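Opening my notebook on this one. I'll jot down what I looked up, entry by entry.

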Amino acid sequence: MGAENDHMDEMSWEPGTLGPGCSAALRGVLALLLGVSTELGTSQQWGCVRIPEAWGAQAPQLASSTGGDPLSGCFIWSNVILLTWQLSLLLWLMPLPATSPIFPHGFCCLMESSFCLLALSLLLAVNSLCITHSWVWSFHPRPWSLTPLGKHQPHHIRSSGQACVLSDGICLVALPHLGPALWLGGLWFPRSPSRPLGKRSLPEGVVNGIEVYSTKISCKVTSRFAHNVVTTRAVNRADTAKEVSFDVELPKTAFITNFTLTIDGVTYPGNVKEKEVAKKQYEKAVSQGKTAGLVKASGRKLEKFTVSVNVAAGSKVTFELTYEELLKRHKGKYEMYLKVQPKQLVKHFEIEADIFEPQGISTLDAEASFITNDLLGSALTKSFSGRKGRVSFKPSMDQQRSCPTCTDSLLNGDFIITYDVNRESPANVQIVNGYFVHFFAPQGLPVVPKNVVFVIDVSGSMHGRKMEQTKDALLKILEDVKEDDYLNFILFSGDVTTWKDTLVQATPENIEEARTFVKNIDDQGMTNINDGLLRGISMLNKAREEHSVPERSTSIIIMLTDGDPNVGESRPEKIQENVRNAIGGKFPLYNLGFGNNLNYNFLESMALENHGLARRIYEDSDANLQLQGFYEEVANPLLTGVEVEYPENAIQDLTQSAYQHFYDGSEIVVAGRLLDEDMNNFKADVKGHGAINDLTFTEEVDMKEMEKALKEQDYIFGNYIERLWAYLTIEQLLEKRKNAHGEEKENLTAQALDLSLKYHFVTPLTSMVVTKPEDNEDQTAIADKPGEGPADTEVARSMAYLTSYQPPQTPYYYVDGDPHFIIQVPQRDDAICFNVDEDPGTVLRLIQDPITGLTVNGQIIGEKGGNSDSKTRKTYFGKLGIASAHMDFRMEVTPEKITLWSGAAQSTFSWLDTVTVTQDGLSVTINRKKNMVVSFGDGVTFVVVLHQVWKKHPVHQDFLGFYVVDSHRMSAQTHGLLGQFFHPFDFKVSDIHPGSDPTKPDATMVVKNHRLTVTRGSQKDYRKDASVGTKVACWFVHNNGQGLIDGVHSDYIVPNLF
């Protein structure tokens, strides 16, 4: 579509002359007489008269009493009817000779055919009908004036670009008529006064020049496997190139399978490649500064896919993203979760879901969080019958408005489709093209009694709302515990306490006593995860050994924590080993991680290797509901020890077929490949232990009948069972890989990678490389699969290759400058600072953690020339040593280079490099001439800032700043000039009074049982800007921090860097 423009480009012919559009104009007149509205396109020429930009800028405009713009200039309305209308009226009022001042080159072009006279005559009649509502203009060179018909007072016109100047200052002005808004043949009636007429009528929904005229989400679900295609079409209505962005939020459980970008008919596809291969291509693009990360985690359930591209004026662009997922049954329903957020009104917006389920659909519903049920009902249609179901959501532009007169969209929230299938039998097997899928979800079975131990973190970090929400959730859970169940509570902080010494039955009396215990839970101390879990496991094992719980009961342990282990056994790998050995595969462990300040990978890995799962509980107002919701999922086990069996030598490449529990409302899904595709019958057995007895469910399939039943090609997309098998296999291989080591891990990785590449899935092992046009050069971007890392907002791991360090808000601890130590105290929303004055060459112990094995030392350097006056000299840190005893790793950092030792192997890098070095549990990223980020797995992160000064400066020299991020991940035994402050401490300031410097008041500070005189001042934080820095207000402690630090500063002097 051509772009409309607000002004006219210069052309080679003079104003007032006849342009090359006369024939087109006359043809337009004839077409309009037949009732056809004819556009002249995007040409900056209007009929026979060319209006230069300089004249247009002086052209007149009249204010309108209706609030709209009453003037319609020739080049504003790109339709020949207005020009012809005004010319005909002009000829009527003032007959012209063949040559005249107005048309110096003659009037002949208007007389190309006899039809022209007929056209003008008919238009005279049109004008006579409208004359009482129009304006008549006088033809004076300057100033311009308008005279209403029947009135004589002139109305001066303001300058703008909205009239046609013919020559010698003569202008042609058209005014809209009042009345209904419609085109009728060649008659034009203005719009309704409620929608003011602008100087140009752009389609509604244009934002910043971009019109998104179509967005469609097409979902095809076949046997729980969803194939979703999101297509957005846009056009650039602006006069210049604009950036168009495409955002899609998709479920974390989904795999992206394709993305295409089409600009003016040229398609740029995405290709899935091995991550290492894609990374090299990506890093090359990064070095050129021409890349953008595409996928990152977004909230609880979603990942956000983003891509943007520059689109030329008038050009169209189409984005199409495809992703697939297996819908999991949750509390008796399958849920398809779609995020709707078009950000502007869209002319054609549609969500369309077609569902095909061979078992038949029993329920189907859809709801939207952003719209009322009344409005939803008018835009939503849903129906199901037999095996087919359909949901369609098509809101009109008016229905999309946030209010009746608003131009912004209310479509911003969740659109959720839920359904379930008929379950005449507990199982269903489907076979297509040599692949099978087996669904198992029995109903009506009695619930197996459970023995559950809740292991609850009550450390100091749970203080406040987290603890209150935890207690609220536990009280609600106690209401739902069945009388046949057995339970106990174990609380851990620095030590471990229990409600009862053994498991007790959930009798009404015991439940009431448990409620009292829960209400009195209080937070205190540290985090001893190891001892808390081992106590709970021991209690469950002992109850089973002593037969104090029902023989056909099942055991479950649920742990909730909001932090990392920091007392007792705090090594994650050792805790995992202890827990694995204690459980011995007898029952599952479920780990709930409260918030983001914890090692989620550790919790997940420990749960998976004990047949459970991990779940993040988000710090929000509904955290108690999240906890309750998880318990409801595991509250009703119907079977234990479930095993799925198939005929020997009949299948291969089977997905997981043994499960410790089947919970009511869930579903077991097994998929595989048939060795013999020509077999006539297929048999599957599911065995499990119920509350009363052992059960075996058998499903037999007639292959020919199956083939007939699945001939519903309108709903079924291709090889859906094969892709379902691949999806499930990759998902399970990746889970196993999390706890594998050595050769086993390599084999699992290779299998998952091969399948990911074969089926075009973006998984943690692959990346989608998207090449897009940017200023006539190809630009490369990468779409990665983010993981559930230390925080959900974490950028996909490959994004570390372009992301520079972004400092957190709080808390911070650093040493920079002369050297200034700055300690933020979050409880006070304030900071303390102190200097250390020592001779150049002195090495100071900054951090030492005997538990994690981390040590950081810094060596002081002085000024050039060696000023020996301690009162006036400037000293800095010129060398840092970072070491990890557990990893056998050392790093020496100077303003010239970075040297790494891993064991005896040495690597050296310069500050001119941009590089990331990774090894097990360690990542080092050097950002050229700026900073270096050192991350120890899910532990602490250090940032070293490079300060460079003018090389010929007579006094100063380059130096380093050192900053600590995530200090809470260090153990409670951390010490050092900085490390001692990682533990909570408090101070009080009083008696603020003028000091020796009137701009810096003095005060009395009480800290660590010392009364000190301190001075209000400021230091620089160079995390964001190494050259300028940001001022940080702080209370300055004199005498090398004496009274604030433990001991005296000389206690922290060490002989060497390592």
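In which sense do strand E27 and strand E38 pair, and over how many bridges? I found that E27 (residues 435–440) and E38 (residues 668–674) pair in the antiparallel sense over 6 bridges. Strands here are DSSP runs of E with at least two residues, helices are runs of H or I with at least four, and both are numbered from the N terminus. Two strands pair if DSSP finds at least two bridges between them.

Ground rules, before I go on. This is a predicted model, where local features need pLDDT of at least 70 and side-chain atom pairs count only at pLDDT 80 or more, while totals for chains, interfaces and linings use all residues. Residues are numbered from 1 along each chain as its sequence is written, and side-chain values use heavy atoms, with hydrogens and water left out.

Back to the sheet. The open sheet has 4 strands in the order E26-E27-E38-E36, with antiparallel pairing. E26 (427–432) and E36 (651–652) are at the edges with a single partner strand each, so one side of each has no neighbour in the sheet. I also saw that H15 lies across E26, E27 and E38, at about 70° to E27 (axes are lines fitted to C-alpha atoms, for helices over the stretch in contact, and angles run from 0 to 180 degrees between N-to-C directions).

Next, helix H12. Here 8 of the 9 residues (600–608) are buried, so the helix is largely enclosed by the rest of the structure. Buried means under 20% relative accessible area, exposed over 50%, and partly exposed in between (1.4 Å probe, protein chains only). Among the buried ones I noted Tyr600, Phe602 and Leu608. The cover over them includes H10 (529–545), H11 (572–583) and, once again, H15 (720–737).

Last, how confident is the predictor on average, in pLDDT? The protein averages 75, and 71% of the residues score at least 70; pLDDT is the predictor's confidence in each residue, from 0 to 100. I marked residues 129–200, where pLDDT stays under 50.

Terms used:
Contact means heavy atoms within 4.5 Å.
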